[in-house]
Every structure is written in C-alpha cells, then in structure tokens.
Amino acid sequence: MKWNQQMRAQEAACFAGPHIELADHFFRYKLLKAHIKRVVSDPQLDTGDASFKTHLVREMDRVSQFYTTKEEDYVQVLEKK
C-alpha cells in the first residue's frame with residue numbers, strides 16, 4: 001500500500017471512529033500537493049517558492065498547535081491525580 005493510501009485510510013478511521021476530533025488536525029498533504037502543481041505548471045510565478053513555504057509553515061503550525069494543546073491537557077489531567 002502506498003504511503004498516501006495509508007494516510008487516507010488513517011484519516012477515514014478518524015472520521016468514523018471515536019477520535020473524530022483528530023480528523024481536522026491531519027496534515028493536509030493534498031492541499032500542499034495542489035499548490036506544488038500550480039507552482040510547477042507556471043514557472044513564471046515569482047512568488048511560488050515563498051508561497052509554498054508559507055502554506056507549509058501554516059500547516060506545520062496548525063498541527064503542532066493541536067499536539068501542544070493535547071499535551072497541555074494531558075499534563076493537567078496527570079497533575080490532578
């Protein structure tokens with residue numbers, strides 16, 4: 001099974017399973033792949049590289065923020081015990 005297919009299977013499991021909250025926090029590879037295709041298809045696009053980096057950093061920050069929040073939640077739970 002290809003890596004992309006594995007990721008989609010994991011996403012589908014989150015959408016249907018008890019961990020529905022995780023579904024919105026997967027890294028959106030499809031979005032970034034579409035952005036890469038736009039940049040590659042138009043070599044005259046001067047801001048392509050910077051724009052892709054901006055999208056990539058946003059995705060990484062979004063996912064990182066989710067995990068940081070979850071970690072803080074778990075720390076609070078452990079401190080109460």
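Which pattern does the protein follow, read along the sequence? The answer is α-α-α: three helices and zero strands. Helices here are DSSP runs of H or I with at least four residues, strands are runs of E with at least two, and both are numbered from the N terminus.

A quick word on what we are looking at, everyone. This is a predicted model, where local features need pLDDT of at least 70, side-chain atom pairs count only at pLDDT 80 or more, and totals for chains, interfaces and linings use all residues. Residues are numbered from 1 along each chain as its sequence is written, and side-chain values use heavy atoms, with hydrogens and water left out.

Let's start with the whole protein. Of its 81 residues, 14% count as buried. Buried means under 20% relative accessible area, exposed means over 50%, and partly exposed is in between, using a 1.4 Å probe and protein chains only.

The structure holds two of them. A salt bridge is a side-chain nitrogen of Lys or Arg within 4 Å of a carboxyl oxygen of Asp or Glu.

In one, Arg28 meets Glu59, at 2.5 Å from N to O. Arg28 sits in the loop between helix 1 and helix 2, while Glu59 belongs to helix 3 (residues 48-80), so this pair ties together parts that are 31 residues apart in sequence. Is Glu59 buried or exposed? Glu59 is buried, with a relative accessible area of 2%, whereas Arg28 is partly exposed at 43%.

Glu59 has another partner: Arg62, with the closest N and O atoms 2.8 Å apart. Both residues are in helix 3, three residues apart, which puts about one helical turn between them. Arg62 is partly exposed, with a relative accessible area of 21%. Through their shared partners, Arg28, Glu59 and Arg62 are joined into one network.

Next, please find Gln10 in helix 1 (residues 3-16). Gln10 is partly exposed, at 45% relative accessible area. Between Gln10 and Phe26 there are 9.5 Å in space, C-alpha to C-alpha, and the two are 16 residues apart in sequence.

Last stop: helix 2 (residues 29-41), which provides three residues, the largest share, of a positive patch. Lys37 lies in this helix and is exposed, with a relative accessible area of 54%.
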